[in-house]
Amino acid sequence: MKRLLSVILVLTMVLAIAGCSSEEGPSTTTDQATEEIVIGANIYNFGDNFMNGVVSPALKEYADAAGIKINIVDSENQQNKLNDQVDIFIGQGVDVLAINLVDPASASTIIQKAKEADIPLILFNKEATEAGAMDMYDKVWYVGTASADAGIIQGDMMVADWKANPSWDKNGDGTVQYVLLKGEPGHPDAEARTEYSVKAFDDAGIPVEELAMQPDPNWSTDGGNDKMATWLASFGDRIELVICNNDGMAFGAINAMKEQGVTIPVYGVDALEQALNHIAEGEMNGTVLNDGKNQAKAVIDLGVNVASGKDPIEGTDWTLDAVKAVRVPYVAVTPENFADFK
Ligand code: GAL
Ligand code: CA
């Protein structure tokens, strides 16, 4: 009996060990080489519908396709939290850091950490605003857009539509009375979009009057809804145009207008699926594709290269500008072409 028990025990152990090793699966040398690449990444706020809805899933898809690992954490809109997350990633020995800054004026803190740990760093979506930050380290790059282009494209679209629709000038004074939902103050995208969308009217010789402009650190639909409801109550019929620096806030504005039964021309940026639906329904006049999928692709492409000690853009179609940035182009999305972006 004792003997039988020990035989069973040995058998069980052998099976258990066999089970364990078979769970690891067959691994070849090539698998191991690529599996070794781990990217430590964050999104500044999982509550952001563009970053969390488009960029984050695309990062995972492209990482899967490249056969590498990416860990994405939520910085909950707190730069201190992100600083700690970077320390943890460094402690874990990740091969690359892919960081979406919370505070664009705090890039140097992150760059310094990466430099001290000698880990390549790719900043994405929110460009560093401190002068010289990108020169602190030879292994830091940026993936994003040329922020001003979204404003230029959106502005040109609005000018063309304004000229084609004389009835939009409700009070007939030849001036565009607008409200503007800005997004995060100090964010290069929010600042440049604000400046360049309005500048398009100046350049076209069309006078503008800003009735109100409101920042929103979360770029949120709720914020857009609240502000638009307030503006409709205070300005009513005087609002002739609603300029939104992203679609998320535009959705809120559209909702507030629906509740009041009013329609005012409204434009966004990002070209989220819901924006395309609003354009199809005639509830939104235009948006600008913020190509989050290709930004994610560029992050992974560069990440794989730098983790392998290669030139960041080797074997890719990306180009780096003078400040080590890959800039994915924006595209105008109108009632004429929106179906192409579905
Ligand atoms: C912008 C985008 C916004 C928001 C922001 C967050 O590029 O258009 O919707 O996601 O980034 O940093
Ligand atoms: Ca007017």
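**Entry 1: the largest cavity**

I looked up the largest cavity and found a volume of about 110 Å³. I note that the model is predicted, that local features need pLDDT of at least 70, that side-chain atom pairs count only at pLDDT 80 or more, and that totals for chains, interfaces and linings use all residues. Residues are numbered from 1 along each chain as its sequence is written, chains are lettered from A and ligands numbered from 1 in the order written, and side-chain values use heavy atoms, without hydrogens and water.

A cavity is a set of points, on a 1 Å grid over the protein atoms alone, where a 1.4 Å probe fits but cannot get out; lining residues have an atom within 4 Å of a point. A volume is the space filled by probe spheres set on the points, which are joined across faces, edges and corners. I found one cavity of 30 Å³ or more in the structure.

Its lining includes Tyr 44, Asp 48, Trp 219 and Asn 290. I sorted the lining residues into four nonpolar, four polar and four charged. Domain 1 (38–145 + 291–328) and domain 2 (148–289) each give at least three of the lining residues; the domain bounds come from an automatic or database assignment.

**Entry 2: ligand 1**

A polar side-chain atom of His 187 lies at 2.8 Å, a side-chain N or O atom of Asp 189 at 2.7 Å, and one of Asp 270 at 2.6 Å. Ligand 1 taken alone exposes 300 Å², of which the protein buries 100%.

**Entry 3: the largest pocket**

A pocket is an open set of points with protein on both sides within 12 Å along at least five of seven lines. The largest one holds about 330 Å³ of space. Among its 17 lining residues, Val 54, Ala 271, Leu 272, Glu 273 and Lys 293 are closest to the centre. Why does the largest pocket lie between domain 1 and domain 2? Both domains give residues to its lining, so the pocket lies between them.

Notes. Ala, Val, Leu, Ile, Met, Phe, Trp, Tyr, Cys and Pro count as nonpolar, Asp, Glu, Lys and Arg as charged, and the others, Gly among them, as polar. A polar contact is a pair of N or O atoms within 3.5 Å; within protein, one must be able to donate a hydrogen and the other to accept it, and residues adjacent in sequence count only if both atoms are side-chain atoms. Accessible areas come from the Shrake-Rupley method with a 1.4 Å probe; for residues, only the protein chains shown count as cover.
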